[in-house]
Amino acid sequence: MQKANGMPAASEAMVRGILDSLDSRIAVLDGQGRIVAVNPAWERFDDVRIAKGFAPAHVGDNYLELLDDLARAGQPGFPEAASAARRMIAREAPFAAVDYRIDAPGGVRWFVARITPMEGMGGAVVVAHEDVTARVLAREAVDDANRRLKALSGKVLSIQEEERRALSRELHDDVGQSLAALGIALHRTALGKPGGLGQEQCARLVEEVFAKIRTMSQELRPPQLEQLGLSDALRWLAKRHSEATGVRIACDFAHAGTERVSPDAEITCYRIAQEAISNATRHARPRSIALALRRTKGLLELVVSDDGAGFDMSAVRARGLQGASLGLTGMEERAELVGGRVEFKSAAGEGTTVTARFPLEAA
C-alpha cells in the first residue's frame, strides 16, 4: 500500500491491513480530496486507465480535480462521481454509488464506484471501484433472452392461427370440394339421373382425397419418424424437398447409428432440418444442400449446409428480436427445450451451415 506523508502510524497500519486484503480498487481521500492511500488493486487498475489515455491517480494527487478533468472531457459518469465525492466529504450523504464503463484493452469493462465516509478522520472518505462486468453481461444476456422470448411468444399465437387457417383452407378447398363433388355424383347416380360420374371417376376422386389427407398428415407428423426412425424420416424429407424444388440434397448418415433416441430429440432434429432446408430453398437459391446426421463424443449432431446466397447474421437476428423473422430463434428454442444447442455459420455469398447438437444422455 502506498500512503502520503503525515498519515498517523496507527491509522496507516489499520488502513494497510484492510486495503491490501481486498480485491476492490480502493483509495482513501482526505478532506480536500487528496489521495492519501491506495491498495495494490488500485495501482493495477490505474494501469488500465493510463492505457486508455486517462490521467493517473497516484497517492498525493487530488482525486476531485482528476474527476473534474474527466467530466470536462465529456467522459460519462464522471460529473456524477465528482459531485458524489464532494457530498460525501462534506458529509451531506451517508453513501454514494456511481456506475461507469471503461473501454479497456481486453474489452469493455463495467465498474461501480462506491464512496463512503471514513469515520474518525475528518472529511476522509473511502472510494472503492468494483468490477461488475460479469454481472452486467449476465443481466444483458437475461435481457436478450427475455427479448427473444417476448418476440417468440408474440408470434406463437399468430403462427398457430396461420397454420390452422392453412389447414382449414386445404380441408375446405381441396378435400371438402372433392368430397362434395363425389357426394353429388353418387347421389345423381343413385337416383339414375344423367350427368353423374362413373365408378372409375369416383374411385379416382376418392384416391385423390386420400392422397391429399395423407400429405397433410405427413406434414403434421411424418409417420416415417415413428415407424422407421430419424434417418429414414430425414431421407424422406430430403427426397420430398428435392422433388418439389429441383435442388439436389445429399444425405450422409453413415455415422448416424441405429439406436433410437428419445421422441423429443428425434422430432426436434427433424423440425430443425425441415426449417433449415426450407429456409435455404426459399431464400438462398442453392444449387445443392448437404444433410448429415452423426453421433460423436456423446452427442447427436445434425448438420445442414448449403451453397446458396448466405445472409447477414446480425441483421437477421435484429429482425428476429423485432418479431419480423423467427427462423433462427425458433430453431434455437426448439433445441434448448431438449437440452441441445444450435450454431449458425453464414455470410453473404458464402452459403449457410446449421449445426444442431444434442447430448445423447439427454436424448
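This is a predicted model: local features need pLDDT of at least 70, side-chain atom pairs count only at pLDDT 80 or more; totals for chains, interfaces and linings use all residues.
Helix α8 spans residues 230–245. The helix has 16 residues. From its first C-alpha to its last it reaches 22 Å, close to the 22 Å expected at 1.5 Å a residue. Its buried residues are Leu-230, Ser-231, Ala-233, Leu-234, Leu-237, Ala-238 and His-241. These residues lie on the same side of α8, because they cover an arc of only 160 degrees around the axis. Several elements cover them, including α7 (223–227), β7 (248–252), α9, β8 and β9. The other side of α8 carries Lys-239 and Glu-243, which are exposed. For Glu-243 the relative accessible area is 57%. Glu-243 and Lys-239 also form a salt bridge, with 2.5 Å between the closest N and O atoms. The two are four residues apart in the helix, so about one helical turn separates them. After α8 comes Gly-246, with a positive phi near 80 degrees.

The structure holds 12 salt bridges in total. Side chains of opposite charge can pair when their charged atoms come close. One of the bridges joins Asp-68 to Arg-86, and the closest N and O atoms are 2.6 Å apart. Asp-68 belongs to helix α3 (residues 63–72) and Arg-86 to helix α4, so the pair ties together parts that are 18 residues apart in sequence. Arg-86 is partly exposed, at 38% relative accessibility.

A further bridge links two strands. Arg-114 pairs with Glu-130, and here the closest N and O atoms are 2.5 Å apart. Arg-114 sits in strand β5 (residues 107–117) and Glu-130 in strand β6 (residues 125–131), so this bridge connects parts 16 residues apart in sequence. Both partners are partly exposed: Arg-114 has a relative accessible area of 28%, and Glu-130 has one of 26%. Elsewhere, salt bridges link Arg-294, Glu-301, Glu-343 and Arg-357 in a network.

Asp-306 presents another case. This residue is found in strand β9 (residues 299–306). Asp-306 is buried, yet has no salt bridge. The nearest side chain of opposite charge belongs to Arg-287, 9.4 Å away. The side chain of Asp-306 does have a polar atom 2.8 Å from the backbone nitrogen of Gly-308. Leaving aside residues up to four places away in sequence, Asp-306 touches Ala-280, Ala-284, Pro-286, Ser-288, Ile-289, Gly-351 and Thr-352.

Most residues other than glycine have a negative phi. Arg-91 has a positive phi, near 60 degrees. Arg-91 lies in the loop between α4 (78–89) and β4 (96–104). Its relative accessible area is 31%, so Arg-91 is partly exposed. Arg-285 is not a glycine either, and has a positive phi of about 50 degrees. The loop that holds Arg-285 runs between α9 (263–284) and β8 (288–296). Arg-285 counts as exposed, at 66% relative accessibility.

Key:
Residues are numbered from 1 along each chain as its sequence is written. Side-chain values use heavy atoms; hydrogens and water are left out. Buried means under 20% relative accessible area, exposed over 50%, partly exposed in between (1.4 Å probe, protein chains only). Lys and Arg count as positive and Asp and Glu as negative; His and the chain ends are not counted. A salt bridge is a side-chain nitrogen of Lys or Arg within 4 Å of a carboxyl oxygen of Asp or Glu. A polar contact is a pair of N or O atoms within 3.5 Å; within protein, one must be able to donate a hydrogen and the other to accept it, and residues adjacent in sequence count only if both atoms are side-chain atoms. Contact means heavy atoms within 4.5 Å. The expected span of a helix is 1.5 Å times one less than its number of residues. The arc is that of the directions from the helix axis to the C-beta atoms.
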